[in-house]
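User: I'm new to this one and would like to learn how to read it. Could you walk me through it step by step?

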Amino acid sequence: MISERSLLPPYTSPLTIFVTGGNGQVGFELQRQLATLGNVLAPGRAALDLSDANAVTAYLATHQPDVVVNAAAYTAVDNAESDQAMAERLNAALPEQLAEYCQQQSKWLIHYSSDYVYTGQGSEPWQESDTTGPCNVYGATKLAGDEAVANSGCQHLIFRTSWVYSAFGKSFLATMLRLGAERSALSIINDQVGAPTPARLIALVTQQALTRLLSEGATLTSGVYHLAPRGETSWHGFACEIFKAAKQCGLPLVITPDGVSAIPTTDYPTPAARPLNSRLSVDKLEKALAVQLPDWQSQLALTVEEIARSR
Ligand SMILES: NC(=O)C1=CN([C@@H]2O[C@H](COP(=O)(O)OP(=O)(O)OC[C@H]3O[C@@H](n4cnc5c(N)ncnc54)[C@H](OP(=O)(O)O)[C@@H]3O)[C@@H](O)[C@H]2O)C=CC1
Ligand SMILES: Cc1cn([C@H]2C[C@H](O)[C@@H](COP(=O)(O)OP(=O)(O)O[C@H]3O[C@@H](C)C(=O)[C@@H](O)[C@H]3O)O2)c(=O)[nH]c1=O
């Protein structure tokens, strides 16, 4: 089981770690976790607009980071359908630019990607080596980013994760807690299946992986790794578990279990199509890091408790 206690001793050299998207769900947790490994630089949008390639080049030249962790992305899945140029810049061109720096300077790049790069067909968990085939613009731009990183020749880890949530920021969890406090009836899709992943777990695994990479003699090879908790559910199952955990923590709810209806994807039209099968096999990551990933329900309970404590 992966937990704070299972982490290796912190690396002691004064590393400079550049985290993009530091105010996002994953970036915020990374800032907390990676502070034990070195100096974390995480400029916000006002300090560094990542859509400006020249500004990114200048930032890299000035700060010359030892490690680049790219948690920035264009994550508004429906908006990406009509804002393709910006989605391409953030999700494809930015990782390509960061990878070029890492290749030239022999630095490690940690990058994050999505279950939405796969076709969504079938019901078997995706393996990292499976053929991709995104069904929306967001997924296509994320795939282009993955390919640019992989083809750059830089040392890299690409963590493909799914259904990310955290105690703050925009996520399905935040939407459900808001709607569940306002409405007595909700209709939620039950034929899209995957694993909800807390940003905190992503940051913890990243810290553990980075510690390995920086340890002398450690072997963790460049490539794609799936990163999600064990188990699977649908968005409907996720919503029901959110309301169960919220009730246990005393969060305000109008919705009751009877009010949460399960519907097929066809009953919930959206601008962007979503994959039905988002199951990710995490065997490769568990083997590489010699860890056992936790189940998604226990992870969700931790985050809902964190939200309740913060109110
Ligand atoms: N969210 C999810 O469900 C999933 C996410 N992923 C991947 O995980 C990674 C992290 O996602 P997550 O933390 O959820 O994403 P968020 O949307 O929470 O955060 C994205 C970050 O990128 C920043 N950003 C976007 N555009 C710019 C810009 N032009 N200049 C500066 N900063 C910018 C945002 O800044 P600002 O705060 O100012 O908006 C924000 O801090 C991404 O690669 C994503 O594709 C994978 C699977 C699921
Ligand atoms: C609000 C709501 C959503 N849904 C459905 C729509 C959708 O299929 C699903 C999730 O909705 P969202 O819009 O939160 O999901 P979406 O933005 O598509 O989430 C995705 O984000 C990107 C960034 C990823 O990489 C993916 O892993 C995934 O997390 O829930 C309902 O069925 N009922 C509802 O009331």
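User: Which elements each supply at least two residues of the shell around ligand 1?

Analyst: First, some housekeeping: this is a predicted model, where local features need pLDDT of at least 70, side-chain atom pairs count only at pLDDT 80 or more, and totals for chains, interfaces and linings use all residues. Residues are numbered from 1 along each chain as its sequence is written, while chains are lettered from A and ligands numbered from 1 in the order in which they are written. Helices (H or I, at least four residues) and strands (E, at least two) are DSSP runs, numbered from the N terminus. Here, α1 (25-34) and β4 (108-114) each give at least two residues to that shell, and α1 has the largest share, with 3 residues.

User: How many residues surround ligand 1, and which are closest?

Analyst: A residue is near a molecule if its C-beta atom, placed from the backbone, lies within 6 Å of it. For ligand 1 there are 24, with G21, G24, V26, A73 and V164 the closest.

User: How does the shell around ligand 1 divide by class?

Analyst: Ala, Val, Leu, Ile, Met, Phe, Trp, Tyr, Cys and Pro count as nonpolar, Asp, Glu, Lys and Arg as charged, and the others, Gly among them, as polar. That gives 10 nonpolar, 11 polar and 3 charged residues.

User: Now ligand 2: which residues come nearest?

Analyst: T75, S114, F172, I189 and W235, out of 18 around ligand 2. Two elements give two or more residues to this shell, α6 (172-182) and β7 (186-189). β7 gives the most, with 4 residues. By class, the shell around ligand 2 has 10 nonpolar, 6 polar and 2 charged residues.

User: Which strands does β1 pair with, and in what sense?

Analyst: Two strands pair if DSSP finds at least two bridges between them. β1 (residues 15-20) runs parallel to β2 (residues 38-41) over 4 bridges, with F18 bridged to L41 in β2. From β1 the chain goes through α1 to β2 in a right-handed β-α-β crossover (with the strands pointing away from the viewer, the path from the first strand over the helix to the second runs clockwise). β1 also pairs in the parallel sense with β3 (residues 67-70), again over 4 bridges, and T20 has N70 of β3 as its bridge partner.

User: Where does pLDDT stay under 50?

Analyst: pLDDT is the predictor's confidence in each residue, from 0 to 100. It stays under 50 over residues 3-11. The protein chain averages 95, and 95% of the residues score at least 70. For the complex, the predictor gives an ipTM of 0.99 and a pTM of 0.95.

Note on methods. Two residues are in contact if their C-beta atoms, placed from the backbone, lie within 7 Å.
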